[in-house]
Amino acid sequence: DITGPSQAKIFGLTERLVGTPQGVSPGETRTGIKIISMQLLLDDPKKPTIWRGPIINNLIRQLYLDTNWGDLHYLLIDLPPGTSDAPLTVFQSLPLTGVVVVTTPQDLAKLIVTKSVNMAKSLNVQILGLIENMAYIVCDHCGEKMEIFGRPKGEQMANEIDAPYIGAVPIDPKIAELSDNGMIED
C-alpha cells in the first residue's frame with residue numbers, strides 16, 4: 001500500500017509503525033493479519049505521497065526487505081492495475097509464486113488486464129488465476145441477480161489468457177460499510 005490509505009483504513013489500523021533493529025514491525029489486525037502501509041509510516045496521514053517511479057521502486061524493495069514479517073504462510077502484494085513501475089519492480093525484484101489477476105465485466109478492464117497479463121508472462125511470472133470483481137449485485141428485496149456492469153466475462157477471459165477461473169465476486173454494500181468502518185475482517 002505505497003500511496004494510498006486503503007489497507008490501513010479497511011482493517012482499522014491507525015497506530016503509526018516503528019522501526020526496530022530487525023526492521024519495521026508491520027501493523028497487525030485483530031485476527032493476526034500483518035500489514036505494511038505507507039499510511040502507517042507518515043507523520044501526517046492526510047499528506048499525499050507524490051513520488052516518481054525510482055522512489056516507488058526503491059520503496060517497494062525496502063518495504064519488502066526491511067519489514068520484520070516473522071513467520072508467514074503467504075505474502076500478498078496488492079498491485080495497481082496496468083504496467084507501471086510498481087508492478088514491474090515487484091515482478092523483477094521479489095520472489096513471486098505467481099499473480100492472481102482481478103478484472104471487472106467492462107471491456108476497458110479487459111484491455112488493461114490483458115496488458116498486465118502479457119507483461120507478467122513476458123517476465124515469466126505465472127498467472128495463478130482470474131477473479132471477476134463487481135460481477136453482479138443481488139437485490140435485497142427480491143433476490144434478483146443484476147449484472148449492472150454488463151454480462152460477466154471472467155470465464156471467457158480466463159480461457160483467453162490460459163489461466164484458471166477462480167470465480168465472480170458480487171458487489172456487496174455490506175463490504176463497503178465494513179471497509180469504511182475498518183471492520184473488513186467481520
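Guide: In S6, isoleucine 131 is the bridge partner of valine 102. This is a predicted model, in which local features need pLDDT of at least 70 and side-chain atom pairs count only at pLDDT 80 or more, while totals for chains, interfaces and linings use all residues. Residues are numbered from 1 along each chain as its sequence is written, and side-chain values use heavy atoms, with hydrogens and water left out.

Visitor: Why is the crossover between S5 and S6 called right-handed?

Guide: A crossover is called right-handed if, with the strands pointing away from the viewer, the path from the first strand over the helix to the second runs clockwise. Here the chain goes from S5 through H4 to S6, and this β-α-β crossover is right-handed.

Visitor: How do you know that S6 and S9 pair as well?

Guide: Three bridges join strand S6 (residues 127-132) to S9, and the two run parallel. In S9, glycine 167 is the bridge partner of isoleucine 131, and alanine 168 stands opposite glutamate 132.

Visitor: Why are S5 and S9 said to stand at the edges?

Guide: The three strands form an open sheet in the order S5-S6-S9, with parallel pairing. Strand S5 (99-103) and strand S9 (165-168) each have a single partner strand, so one side of each is left without a neighbour in the sheet.

Visitor: Why is threonine 29 called buried?

Guide: Buried means under 20% relative accessible area, exposed means over 50%, and partly exposed lies in between (1.4 Å probe, protein chains only). Threonine 29 has 5% relative accessibility and therefore counts as buried. Its place is in the loop between strand S3 (27-28) and strand S4 (34-35).

Visitor: What makes the meeting of threonine 29 and glutamate 185 a polar contact?

Guide: A polar contact is a pair of N or O atoms within 3.5 Å; within protein, one must be able to donate a hydrogen and the other to accept it, and residues adjacent in sequence count only if both atoms are side-chain atoms. The side chains of threonine 29 and glutamate 185 make such a contact at 2.6 Å.

Visitor: Are asparagine 124 and aspartate 162 buried or exposed?

Guide: Asparagine 124, in the loop between H4 and S6, has 73% relative accessibility and so counts as exposed. Aspartate 162, in the loop between helix H5 (154-160) and S9, is exposed because its relative accessible area is 68%. Asparagine 124 has a positive phi of about 60° although it is not a glycine, and aspartate 162, also a residue other than glycine, has a positive phi near 60°.

Conventions
Helices (H or I, at least four residues) and strands (E, at least two) are DSSP runs, numbered from the N terminus. Two strands pair if DSSP finds at least two bridges between them.
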